[in-house]
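Have the structure open as you read.

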Amino acid sequence: MADILPFKKPAKKKVANKSLCRHGFHKWVVAKDTTFDSKQGRLVTLYRCQRCGNTKIEAR
């Protein structure tokens, strides 16, 4: 009788959404149109990543 060789475990599927964000390719969407930041004294736009939920603020 032949020796039985164990198979390797199948590789896990990479989640495309999170792996893109990990490498800096976020999908930014405007969360609020315009808001006023009292500390900066100007209008700012709040962006939120559609995939991972990170936020960034951009001053106008």
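Cys21 counts as buried, because its relative accessibility is 9%; buried here means under 20% relative accessible area, exposed means over 50%, and partly exposed is in between, with a 1.4 Å probe and protein chains only. Keep in mind that this is a predicted model, where local features need pLDDT of at least 70, side-chain atom pairs count only at pLDDT 80 or more, and totals for chains, interfaces and linings use all residues. Residues are numbered from 1 along each chain as its sequence is written, and side-chain values use heavy atoms, with hydrogens and water left out.

Cys52 counts as partly exposed, because its relative accessibility is 33%.

| Residue | Relative accessibility | Class |
|---|---|---|
| Cys21 | 9% | buried |
| Cys52 | 33% | partly exposed |
| Gln50 | 54% | exposed |

Now for Gln50, which is found in the loop between S2 and S3. Leaving out residues up to four places away in sequence, Gln50 touches Lys27 and Val29, where contact means heavy atoms within 4.5 Å. Gln50 and His26 are 24 residues apart in sequence, and their C-alpha atoms are 7.8 Å apart in space.

Arg48 stands opposite Thr55 in S3. The hairpin has five residues between its strands, and Gly53 takes a positive phi near 95° there.

Zooming out, the protein has one helix and three strands, and from the N terminus on the order is α-β-β-β. Both kinds of element are DSSP runs numbered from the N terminus: helices are H or I with at least four residues, strands are E with at least two.

Of the 60 residues in the protein, 10% are buried. Among contacts with a separation of 6 or more, 23% come from residues 24 or more positions apart. The accessible surface comes to about 5900 Å², with 54% of it belonging to carbon and sulfur atoms, as computed by the Shrake-Rupley method with a 1.4 Å probe.

Key
Two strands pair if DSSP finds at least two bridges between them.
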